[in-house]
Amino acid sequence: MLPSRSWAAGGCGAISFFLFLLFPWVANVSVYGQKNKPRGRRGSVSPSATASATPGDLTNIPLPIGHEARGLVLPDFDLEGHLRGKFMAANARRTDQEHILFGDLKIITFTDDNQTDLEVNLRTATFNLQTKILSSQERSRVERADFNVEGDSLDFDTEKRTGHMSGHVDRKSVV
C-alpha cells in the first residue's frame, strides 16, 4: 500500500524538526555556542604531559608519555618574550615524565638582537625536563660564526646556554 500524502508531509516535518534539534551537534557546536573539543588522538593530551611552566618554556612540551611526534619545532622564549632558541627535531618521543628522546635534532640559539648565535646538530639526544640539560652520546657538532666544534658526546644546558663536549673533540676556527 502506498503511503498517503498526509503521512509523507508529516514524516518530512518530523524529520526536519529532528534535524533542527541535532544541527548544533552536527555543526560541531554545542547548544551554548562553544566549540566542542575534537575527539580522537589529535586532541587528547594527558595532563601529565603538560608541565606547569610558562608557555614559552621548554619544559612545557605537550607530548604524552610513550607517544612520538614527527617534525617537531619548539621555540624557547625568555621571560620578556624574546626568542632565545629553537629546537627542530625530525622525531621526538617522551620516554617518561622527565625525559624526551630526540632524533636528528637541530638547535639554533639567538642573540639578544635576534641574530643566529649557535647551531647544534645532534643525531640522538635526551632532554631532561627537570635539569633542562640536553645530553647526547653520539658525535655532535656545534657551529658559530667564528668556530666549529665536533665531539663524541655532548651535554648542553639550555638555561645557561653552555655545553661540555668529551671524547675525541675537533675544533676548527673559521676566519
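**View 1. The largest nonpolar core and its most connected members.** Of the 25 residues in this core, Phe87, Phe102, Leu105, Ile107, Leu122 and Leu134 touch the most other members. A nonpolar core here is a set of buried Ala, Val, Leu, Ile, Met, Phe, Trp, Tyr and Cys residues joined through side-chain atoms within 4.5 Å. Buried means under 20% relative accessible area, exposed means over 50%, and partly exposed lies in between (1.4 Å probe, protein chains only). The elements that give two or more residues to the core are β1 (68-77), β2, β3 (99-110), β4, β7 (147-151) and β8 (153-157). Strand β4 supplies the largest share, five residues. In soluble globular proteins, nonpolar side chains tend to be buried together.

The model is predicted: local features need pLDDT of at least 70, side-chain atom pairs count only at pLDDT 80 or more, and totals for chains, interfaces and linings use all residues. Residues are numbered from 1 along each chain as its sequence is written, and side-chain values use heavy atoms, with hydrogens and water left out.

**View 2. The whole chain.** Helices (H or I, at least four residues) and strands (E, at least two) are DSSP runs, numbered from the N terminus. From the N terminus on, the order is α-β-β-β-β-β-β-β-β-β-β. Buried residues make up 28% of the 175 residues in the chain. Among contacts with a separation of 6 or more, 34% join residues 24 or more positions apart. Contact means heavy atoms within 4.5 Å. The accessible surface comes to about 11900 Å², and 57% of that surface belongs to carbon and sulfur atoms. These areas come from the Shrake-Rupley method with a 1.4 Å probe; for residues, only the protein chains shown count as cover.

**View 3. Surroundings of Leu105.** Residues up to four places away in sequence are not counted here. Leu105 touches Phe87, Met88, Ala89, Val120, Asn121, Leu122, Arg123, Ala125 and Leu134. Phe87, Leu122 and Leu134 are also listed with Leu105 among the core residues that touch the most other members.

**View 4. Phe87 against Phe127.** The structure has two aromatic pairs. Rings of Phe, Tyr and Trp (its six-membered ring) pair if their centres lie within 6.5 Å; planes under 30 degrees apart count as stacked, over 60 as edge-to-face and the rest as tilted. Phe87 and Phe127 pair edge-to-face, with 5.8 Å centre to centre and 65° between the planes. Phe87 lies in strand β2 (residues 83-94) and Phe127 in strand β4 (residues 116-128), so the pair ties together parts that are 40 residues apart in sequence. Phe87, Phe102 and Phe127 form one aromatic cluster.

**View 5. The Arg139–Asp170 salt bridge.** There are 13 salt bridges in the structure. Each is a side-chain nitrogen of Lys or Arg within 4 Å of a carboxyl oxygen of Asp or Glu. Arg139 bridges to Asp170, with the closest N and O atoms 3.0 Å apart. This pair links distant parts of the chain. Arg139 sits in the loop between β5 (133-136) and β6 (140-144), and Asp170 in strand β10 (residues 170-173), 31 residues away. Arg139 is partly exposed at 26% relative accessibility. Asp170 is partly exposed at 29%.

View 6. The side chains of Arg141 and Glu143 meet in a salt bridge at 2.7 Å, N to O. Arg141 is partly exposed, at 25% relative accessible area. Glu143 is partly exposed too, at 26%. Salt bridges that share partners join Arg139, Arg141, Glu143, Glu150, Asp152 and Asp170 into one network.

**View 7. The Glu68–Arg70 salt bridge.** The side chains of Glu68 and Arg70 meet at 3.5 Å, N to O. Glu68 is partly exposed, with a relative accessible area of 39%. Arg70 is exposed, with 65%.

**View 8. Positive phi at Asp104 and Asn114.** Asp104 is not a glycine, yet its phi is positive, about 50°. Asp104 is found in strand β3. Asn114 is not a glycine either, and its phi is about 60°. Asn114 lies in the loop between β3 and β4. Asn114 counts as exposed, at 51% relative accessibility.
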